[in-house]
Amino acid sequence: PSHKYFANAMGHKFCLAAPGDFVSTPKITEYVAMGAYGGCLPLLVLAGKPSHTLPYTRWLDWCSIAYIVSDSTARKGMDSVLAKLDLVTAEEAAQKRAALLAVRDAFVFRQPQREGGGAAGAFAPGYQPSAVDFLIGELCEASRAAKANQTLGSQPLAGGPYSRCML
């Protein structure tokens with residue numbers, strides 16, 4: 001049952017998100033949310049370029065919120081990855097969780113809170129954005145880039161190359 005799954009995952013230090021049926025697995029979203037709430041930290045196995053696999057790379061520095069390993073390293077050198085993860089300090093884990101909490105809204109879906117509780121009208125004071133808001137923002141940015149004859153993939157990664165944080 002899902003409550004047992006989440007309770008178990010919250011008790012671990014790391015959650016492994018390996019490539020699945022899709023280039024960007026839904027587990028990434030789950031692990032960002034769990035880490036933001038004090039649970040496991042994302043360990044992302046990427047088969048391909050981060051800019052083609054991870055969402056929000058134009059503004060989100062994934063090195064600040066996750067540990068990243070290439071698919072080939074995971075297949076051939078997981079012992080070295082585990083040894084590096086064993087060296088993660090409580091302070092480093094706390095920094096990652098704080099960074100995860102700061103970006104949580106971009107990954108969590110919730111109903112918009114509107115004044116008067118109806119579907120129409122202005123957002124309620126203190127409106128908290130949701131993943132839908134961030135995804136619409138990404139679509140708008142993609143539209144702007146297309147109009148300028150650019151692609152989102154041609155933009156630099158937030159925080160710089162992820163080689164600096166690959167395990």
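Select Glu-138 first. At 14% relative accessibility, Glu-138 counts as buried (under 20% relative accessible area; exposed is over 50%, partly exposed in between, with a 1.4 Å probe and protein chains only). This is a predicted model: local features need pLDDT of at least 70, side-chain atom pairs count only at pLDDT 80 or more, and totals for chains, interfaces and linings use all residues. Residues are numbered from 1 along each chain as its sequence is written, and side-chain values use heavy atoms, without hydrogens and water.

Glu-138 sits in helix H7, residues 131–147. (Helices are DSSP runs of H or I, at least four residues; strands are runs of E, at least two; both are numbered from the N terminus.)

Now select strand S2, residues 41–46. Six of its six residues are buried. Leu-41, Leu-43 and Val-45 point one way, and Pro-42, Leu-44 and Leu-46 the other.

S1 (residues 14–17) pairs with S2 in the parallel sense over four bridges (pairing takes at least two DSSP bridges). Find Phe-14 opposite Leu-41. S3 (residues 67–70) also pairs with S2 in the parallel sense, over four bridges. There, Val-69 is the bridge partner of Val-45.

Finish at helix H6, residues 90–103. Which of its residues are buried? Ala-93, Lys-96, Ala-99, Leu-100 and Val-103 are. They lie on the same side of H6 because they cover an arc of only 125 degrees around the axis (taken from the directions from the helix axis to the C-beta atoms). Turn to the face away from that buried side: Ala-90, Glu-91 and Ala-102 are exposed there.

Technical notes. The expected span of a helix is 1.5 Å times one less than its number of residues.
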